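Here's a quick look at a few local details of a chain that you can follow on screen. Open it up and keep the residue numbering handy.

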Amino acid sequence: MSEPALRFTGLELSEDVVAELQAVLPGMAERTVTAVTAEVPSYADAFSGRMGQNIENAVQMALGAFLQLALRAGDSDPATSLSPALDGAYELGRGEARNGRPMDALLSAYRVGARVAWRELSTTAVSAGLSAQTVARFAEMVFAFIDELSASSVAGHADELATTGRVRQRYLERLAKQLLDGEPVETLRASAEQAGWQPPTTLTAVVLAETQTRGLAARFGQATLQLSEELPGVEPSESLAVLLVPDLDGRDRGQLRSTLQGRRALVGPARPWMLVQSSYRRALRGRDLSVADTADVIDTDEHLVELVLTADREAADDLRRQALAPLAQLRPNTAERLAETLRSWLLHQGQRDAVAADLFVHPQTVRYRMTQLRELYGDRLTDPGSVLEITVALAVAPRVFR
């Protein structure tokens, strides 16, 4: 015999006793609702008005189902009577989850209901002259019934939370993808509302390996969005992910970098949340910076000059060839030394001692090299336009001729 059948073996009661038990159901349901309202604070206002009447009817139906279960024929399947009550309890659990309440209140309500029901039923049973053994068996069945209802409600609550969590996560991932794709404002607002996501003022894109994202979103706050699939401009084989971090800009940017320490991450600029696509694009460009192979956390806000100067790589290469053409015919080592000296000379505004200290050479060496450069460049080293071109060409070329 199955477990439900063992827990709910039928009671052999006379028709008069059955009639008496059924007669107390309406009053019992009313008193159960009253007791729950008084003893479970979470339901103090929930049972008022029409809602209270609906719940009272539901309680009466549950009690009726219990009596049918208790009074069924001993060889019949208890599931026939038990299933509707369990289905109702399951939906109650789901409803609690949808209303944002934990299971504590509902389980407390079940305990109160069991106590009230048992008090009413036992009084009727004793008045009807039932034996102590039958009354005791009645008690076992009441609390077994409540156990079944409680378990079913817990399952409904857990399933609803899991379903809601998965659905909301899909909505959040869709919103993140739409943000990275630069979808229209109306689309973004609608998706944010559907996901139950309260937009922050700004978002900052952080790109890093998917394996390094564990726990980061929680540390940055509930409004953090994360996407690991179908990243624009990223090959699936790269296994990258992006975090869209809320409101960590200005003086809080140091906190962002500190949290990312120990991970290889590319950080874009803070942008108004609907314009975070530009932050994401900037973060991806961090992969091409000269420090990309050596630095862990690359904050693109700290490399704006290089980002500007390399925005058009072909143009930068053409400018470099044009501006450094006088050095192209020299031996690579010589050309490199002169380019390094010229860069330092321009940055230190011709201060020979400062250039010497920067290059760790004697000031006379600087003088000698600059004499060579003036011979190669002639009047171009005094022409503002030419000086600008040379400065830009050297700014992003740590090693020009190697």
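Predicted model: local features only at pLDDT ≥ 70, side-chain atom pairs only at ≥ 80, totals over all residues.

Let's begin with histidine 157, which sits in helix α7, spanning residues 132-181. Is histidine 157 buried or exposed? Its relative accessibility comes out at 9%, and because buried means under 20%, histidine 157 counts as buried. Setting aside neighbours within four places in sequence, its contacts are Gly93, Arg94, Glu96, Ala97, Arg101, Pro102 and Met103.

| Strand pair | Direction | Bridges | Residue pair |
|---|---|---|---|
| β1 (residues 202-209) and β4 (residues 265-272) | antiparallel | six | valine 206 and valine 267 |
| β4 and β5 (residues 297-299) | parallel | three | alanine 265 and valine 297 |

To get from β4 to β5, the chain passes through helix α11 (residues 276-285), and this β-α-β crossover is left-handed.

Finally, the backbone. Most residues other than glycine have a negative phi. Serine 239, though not a glycine, has a positive phi of about 55 degrees. You'll find serine 239 in the loop between β2 (225-227) and β3 (240-246), where its relative accessible area of 40% makes it partly exposed.

Glutamine 349 isn't a glycine either, and it has a positive phi of about 55 degrees. Glutamine 349 belongs to the loop between α14 (332-347) and α15 (352-359). With a relative accessible area of 70%, glutamine 349 is exposed.

Technical notes
Residues numbered from 1 in each chain as written. Heavy atoms only, no water. Helix = DSSP H or I, 4+ residues; strand = E, 2+ residues; numbered from the N terminus. Buried < 20%, exposed > 50% of the residue type's maximum accessible area, 1.4 Å probe, protein only. Contact = heavy atoms within 4.5 Å. Pairing = 2+ DSSP bridges. Right-handed = clockwise from strand over helix to strand, strands pointing away.
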